[in-house]
Amino acid sequence: MNKEKWLLSLKKANDDYRQLIRESIQTALFQLMNKKEFCKIKITEVIERAGVSRSAFYRNFNSLEEVISEELKRLCKHIFEIKENNISTNWKTLLTKIDENKEVFKTLIKSGMEAKILENMNSFFKTLSLKEKTFFYSLNGIIYNFICEWCKGNLGNDLAPVIQSLDYTTRNLLPVIER
């Protein structure tokens with residue numbers, strides 16, 4: 001094996017190992033968050049549960065908040081990847097993606113991290129114009145409230161009536177914002 005191939009192979013192995021450590025830390029944190037509030041969790045508990053060293057934690061993250069923020073960024077990116085122009089289809093896609101990740105959102109809500117959800121959702125639209133921000137922040141408020149109430153079980157189990165209601169709300173909201 002030549003030196004370049006060997007170095008590429010080594011880099012891939014290091015990247016895979018780093019990803020495994022990051023996932024172990026994240027999994028350990030979310031397991032602990034299912035048992036108690038986020039503010040009561042210590043890094044020592046997370047690294048013990050993850051089976052990694054303190055230095056491995058700090059090579060990958062600056063804080064427990066960063067672990068949460070990275071997962072929320074990944075989730076929000078996944079959720080907001082919508083390419084359709086049809087409002088109803090977009091709502092169905094969006095709510096289905098939220099439903100698929102319901103356990104992560106439940107864990108965040110249960111551990112007192114609700115505000116982090118909205119903060120990360122809003123971060124996707126900071127570079128837009130004021131008019132566009134106003135529109136998307138309004139939608140984010142709707143989506144955020146849906147996530148919280150859906151995860152708390154206050155909206156039933158059937159997405160169809162929720163999609164229909166959000167579709168109706170959006171269609172009535174758009175003309176007001178466009179004025």
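Ser 69 is found in helix 4, where helices (H or I, at least four residues) are DSSP runs numbered from the N terminus. This is a predicted model, in which local features need pLDDT of at least 70 and side-chain atom pairs count only at pLDDT 80 or more, while totals for chains, interfaces and linings use all residues. Residues are numbered from 1 along each chain as its sequence is written, and side-chain values use heavy atoms, with hydrogens and water left out.

Ser 69 counts as buried because its relative accessibility is 14%, given that buried means under 20% relative accessible area, exposed over 50% and partly exposed in between (1.4 Å probe, protein chains only). Leaving aside residues up to four places away in sequence, Ser 69 touches Lys 116 and Asn 120, contact meaning heavy atoms within 4.5 Å.

An α-helix has 3.6 residues a turn, so residues three or four places apart point the same way.

Turning to the cysteines, the structure holds 0 disulfides, a disulfide being a pair of cysteine sulfur atoms within 2.5 Å. The sulfur of Cys 39 is too far for a bond, because the closest cysteine sulfur, in Cys 148, is 17 Å away; Cys 39 is exposed, with a relative accessible area of 57%. Cys 148, by contrast, counts as buried at 3% relative accessibility, and its sulfur is 7.3 Å from the closest cysteine sulfur, in Cys 151, which is also too far for a bond.

Technical notes:
Helices (H or I, at least four residues) and strands (E, at least two) are DSSP runs, numbered from the N terminus.
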